[in-house]
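Please read this briefing beside the sequence and the model.

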Amino acid sequence: MVHALNEIRRVLVPDGFLIDLRPIVDQWRVEVISARETRETGRVTDLPLGLADDTAANQAMANAEAHGWFLREHEEFFSIHYAWDSASKMEEWIDEEWENFVSLDEETRRATRSAWALANADSQVRVKVKMLITRWRKRT
Amino acid sequence: MTVQKDPEQNETKHLHSFADFTDRRVLEIGCGEGRLTRRYAKSSAVTIGIDLDRNALRVATVDRPARLETKVHFVNAESENLPFQKATFDMAIFAWSF
C-alpha cells in the first residue's frame, strides 16, 4: 500500500494531486424507503476485516504524509446509498459481495423483510454507506 | 441481483467538488467496471483506469460510451508497479472498491 502511494507520487506531475475515495465501515444504516416514508430497520455489523482495512488505509496515508510525499488539503465524509428492489436481494448482495467486511444480524433481516412486505409496491431497501474523500497534494 | 449504486450521484458531486477534471490527465487506480470513470472522464483530456481484475476491465471497456473511446482507456496493471513514466498524470484517483 505504501509502495503504491510512492508509485502514484512518481507518475504525478509536480503539484499534481491524489483523490482518496473510499467507504468507511461504520455500522451502515439499513432502510426501507417508499414515497410515504423512510424507515430504519437496523444496522449492518462491522466485521474485523473491514475495520482492519480502514485502519490499514489510514495508516498508509499517514505514512505517506509522514514521508513528506503528500500534503492533506481537504477532507469530507459523506454518504451514498446502495438500493435494491427487495429485502432478499439486499441480503443476497451483502452475503455475497460484502461478506468480508460487514454482515446482517437476524433481527435486522427480519425487521427489513417485514417492513418491505408491508410497504408500497414502489418501495426499495437501501443501505447508507459512509464515504471518505480526501485531496492530497503532491509535495516536491 | 440488481443493485443501484449511488442513485443520487453523491459520489460524483463530491468528486467534482474536490477536483476540476477539465483537460486533466487522470489516472484511476482500482477502476473496476468503470462505474465512477464514466461519471467524470468526459471533461478530462485523457483518463487511464487500472485494475487487477481482467473481467471487470472487460466490462468497463464494453460499457464505455462511444464518445469516450478516444480519451478513456482501461489497463490491467497493479498499483505497486505502474506502467507509466514519471510525471505522466495531473491527478490520480484512488477509488477503493467494495
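Helix H2 of chain A covers residues 48-66, 19 residues in total, and spans 26 Å from its first C-alpha to its last. That is close to the 27 Å expected at 1.5 Å a residue, the expected span being 1.5 Å times one less than the number of residues. This is a predicted model, in which local features need pLDDT of at least 70 and side-chain atom pairs count only at pLDDT 80 or more, while totals for chains, interfaces and linings use all residues. Residues are numbered from 1 along each chain as its sequence is written, chains are lettered from A and ligands numbered from 1 in the order in which they are written, and side-chain values use heavy atoms, leaving out hydrogens and water.

**Helix H2 of chain A**
- Gly50(A), Asp54(A), Ala57(A), Ala60(A), Met61(A) and Ala64(A) are the buried residues of H2(A); buried means under 20% relative accessible area, exposed over 50%, and partly exposed in between, with a 1.4 Å probe and protein chains only.
- These buried residues line one face of H2(A), because they fall within an arc of 125° seen down its axis; the arc is that of the directions from the helix axis to the C-beta atoms.
- An α-helix has 3.6 residues a turn, so residues three or four places apart point the same way.
- Pro48(A), Thr55(A) and Ala66(A) are exposed on the other side of H2(A).
- The cover over the buried residues of H2(A) includes helix H1 (2-11), S1, S5 and S7 of chain A.
- Gly68(A) follows H2(A) and has a positive phi, near 80°.

**Helix H1 of chain B**
- Within H1(B), residues 10-18, the buried residues are Glu11(B), Thr12(B), His14(B), Leu15(B) and Phe18(B).
- They lie on the same side of H1(B) because they cover an arc of only 165° around the axis.
- Lys13(B) and Ser17(B) are exposed on the face turned away from the buried side of H1(B).

**Nonpolar cores**
- The largest nonpolar core has 44 residues, of which Trp28(A), Trp98(A), Val127(A) and Leu15(B) touch the most other members; such a core is a set of buried Ala, Val, Leu, Ile, Met, Phe, Trp, Tyr and Cys residues joined through side-chain atoms within 4.5 Å.
- S7(A) contributes five residues, the largest share of this core.
- Another core, of 21 residues, lies apart from it and includes Ala64(A), Trp69(A), Phe84(B) and Phe94(B).

**Chain A as a whole**
- Chain A has four helices and seven strands, where helices (H or I, at least four residues) and strands (E, at least two) are DSSP runs numbered from the N terminus.
- Of its 140 residues, 49% count as buried.

Methods. Contact = heavy atoms within 4.5 Å.
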